[in-house]
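We will go from one selection to the next.

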Amino acid sequence: MSIQKSNEFFESIYKQSQGDVKQIPWAELKTNSFLEEYLSMHIGEGKAIVIGCGLGEDAFALGEAGFEVTAIDISQTAIAWCQDTYDYTDIDFKVQDIFELPESMLEQYDFIFECRTIQSLPLMYRDKIIRAISSLLKPKGKILAIANGKNEGEKFDGPPWPLARNELRLFENYNCKELEFSIFAEDKGPSKMKFRALYEKE
Ligand SMILES: C[S@@+](CC[C@H](N)C(=O)[O-])C[C@H]1O[C@@H](n2cnc3c(N)ncnc32)[C@H](O)[C@@H]1O
């Protein structure tokens, strides 16, 4: 799948839903549980960004925790939806392709939340998206990444395409040190396990 087809795929899902959340397969309508756990143990200080923010639930949680929040998504419909839902907040929801980041966004963020966006892109973009996400972080900034996991060599007909642990660790090629890595069993979703990893930019 080309990147253009991938972009159209996401926009069409949001558009065709006509505002019905049940038509968005990944929408949870609540804060991601791994992010919720993280925020219960850390102070929300500085600037945070959500990659592929979808309907904005996680961006909202980061704002409530005290971060100054930017949330990006390729889908205009998703961003318009977020702006409408959270119009009473200061969250900066914007249409932004992760592969077309302006200079002004580079090395600006203290915390990045990435959940299921890496896995949603064709395999040939894996290294490229991890490099792009890393480029947003300030030194000492952290990335909390959540993805469906797979065993090395396992194949999936995506989207989505679950990640092997070594693929997630590509963050280490971009000066992001792995601080934590956990595997959780999962009943739903494309694979039977979920990965949660925390990285810190050196
Ligand atoms: C599987 S959804 C996950 C949404 C949300 N993070 C969640 O966990 O519910 C992937 C999201 O990434 C967005 N996305 C896909 N390609 C993107 C790109 N190149 N730049 C920014 N966002 C993108 C999609 O529009 C979609 O909202």
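**Stop one: a loop residue and its contacts**

Select Ile74. Setting aside neighbours within four places in sequence, Ile74 is in contact with Asn7, Phe10, Val95, Gln96 and Asp97. Keep in mind that this is a predicted model.

Now look at where Ile74 sits. It lies in the loop between β2 and α4. Is Ile74 buried, partly exposed or exposed? Ile74 is partly exposed, with a relative accessible area of 28%; buried would need a value under 20%.

Ile74 and Lys94 are 20 residues apart in sequence. In space, their C-alpha atoms are 8.5 Å apart.

**Stop two: helix α1**

Select residues 3-17. This is α1, a helix of 15 residues. From first C-alpha to last, α1 reaches 22 Å, close to the 21 Å expected at 1.5 Å a residue.

Next, colour the buried residues of α1: Ser6, Phe10, Glu11, Ile13, Tyr14 and Ser17. Why do they fall on the same side of α1? Because they cover an arc of only 150° around the axis.

Turn to the face of α1 directed away from its buried side. There you find the exposed residues Gln4, Lys5, Lys15 and Gln16.

**Last stop: just past the helix**

Select Gln18. This residue follows α1, and its phi is positive, near 50°.

Definitions and conventions: Residues are numbered from 1 along each chain as its sequence is written. This is a predicted model: local features need pLDDT of at least 70, side-chain atom pairs count only at pLDDT 80 or more; totals for chains, interfaces and linings use all residues. Side-chain values use heavy atoms; hydrogens and water are left out. Helices (H or I, at least four residues) and strands (E, at least two) are DSSP runs, numbered from the N terminus. The expected span of a helix is 1.5 Å times one less than its number of residues. Buried means under 20% relative accessible area, exposed over 50%, partly exposed in between (1.4 Å probe, protein chains only). The arc is that of the directions from the helix axis to the C-beta atoms. Contact means heavy atoms within 4.5 Å.
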